[in-house]
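This briefing concerns a predicted model.

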Amino acid sequence: MTRDVISLTIDDLSHFARSLRAGLASPPSHLEMLGQIARAAGYRNFQHLRASHAPAPQADRKRVERALRHFDGEGRLMRFPGRTRMQWLCLWPLWAQLPARQEMSEREISARIDALTGFRDAAQLRRSMVEAGLVTRTVDGAVYLRREQAPPPEARALIAALSARL
């Protein structure tokens with residue numbers, strides 16, 4: 001007879017352990033119960049389980065919604081926010097549209113930025129992208145290069161929301 005594979009996702013393991021303990025006649029302590037659950041799942045102990053499944057940081061949805069207000073329906077940045085944290089978040093979708101591992105002159109990157117925005121201030125956006133660590137440039141400012149890195153959770157959510165609009 002074949003075994004059915006049933007996947008189980010537990011949002012709150014501590015609550016799950018408490019619920020299991022409540023149904024037992026002589027329950028072990030809470031920590032012992034967490035350890036038994038972890039061993040049943042194939043881990044050495046609860047700490048091993050936690051270390052193997054560190055939760056991914058979640059995006060701040062309110063912050064992403066506020067950032068989306070600065071973009072039009074076609075994904076173009078229509079106005080540059082006043083606050084630095086919001087500015088840097090709004091730069092990520094521009095960064096995502098720049099070509100990876102391709103050197104660009106100041107004119108080339110300015111043309112790309114102008115195509116992604118509804119206002120003409122490529123110089124300010126270039127400088128901000130360099131300050132935010134999204135783009136590197138030579139000392140003389142002649143060559144720009146997108147810096148490859150993983151976007152933070154809010155930036156990933158913003159990029160995904162703008163892609164969904166298109």
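A pocket is an open set of grid points with protein on both sides within 12 Å along at least five of seven lines, and its lining residues have an atom within 4 Å of a point. In those terms, α5 gives the most to the lining of the second largest pocket, with four residues.

**Second largest pocket**
- The volume of the second largest pocket is about 180 Å³.
- Both α5 and α8 (153-165) supply at least two residues of its lining.
- Residues lining the second largest pocket include Glu74, Arg76, Pro93, Leu94, Gln97, Ile159 and Leu166.
- Seven nonpolar, three polar and two charged residues make up this lining.

**Packing of α4 and α5**
- Helix α4 (residues 61-68) packs against helix α5 (residues 84-97) at an angle of about 75°, the axes being 10 Å apart; α4 is therefore roughly perpendicular to α5.
- From α4, Arg63, Arg66 and Ala67 meet Arg85, Met86, Leu89 and Cys90 of α5.
- This contact of α4 with α5 comprises four nonpolar and three charged residues, with no polar ones.

**Largest pocket**
- The largest pocket holds about 500 Å³ of space.
- Of the 16 residues that line the largest pocket, Ile10, Leu13, Phe46, Leu49 and His53 lie nearest its centre.
- Helices α1 (13-22) and α3 (46-52) each contribute at least two residues to that lining.
- The lining of the largest pocket has 11 nonpolar, two polar and three charged residues.

**Sheet**
- Three strands form an open sheet in the order β1-β3-β2, with antiparallel pairing.
- At the edges, β1 (104-105) and β2 (135-137) each pair on one side only.
- β1 and β3 (residues 143-146) run antiparallel and are joined by two bridges; Met104 stands opposite Tyr144 in β3.

Conventions. Residues are numbered from 1 along each chain as its sequence is written. This is a predicted model: local features need pLDDT of at least 70, side-chain atom pairs count only at pLDDT 80 or more; totals for chains, interfaces and linings use all residues. Side-chain values use heavy atoms; hydrogens and water are left out. Axes are lines fitted to C-alpha atoms, for helices over the stretch in contact, and angles run from 0 to 180 degrees between N-to-C directions. Angles under 35 degrees count as roughly parallel, over 145 as roughly antiparallel, 65 to 115 as roughly perpendicular and the rest as oblique. Contact means heavy atoms within 4.5 Å. Ala, Val, Leu, Ile, Met, Phe, Trp, Tyr, Cys and Pro count as nonpolar, Asp, Glu, Lys and Arg as charged, and the others, Gly among them, as polar. Two strands pair if DSSP finds at least two bridges between them. On a 1 Å grid over the protein atoms alone, a cavity is a set of points where a 1.4 Å probe fits but cannot get out, and a pocket is an open set with protein on both sides within 12 Å along at least five of seven lines; lining residues have an atom within 4 Å of a point. Grid points are joined across faces, edges and corners, and a volume is the space filled by probe spheres set on the points.
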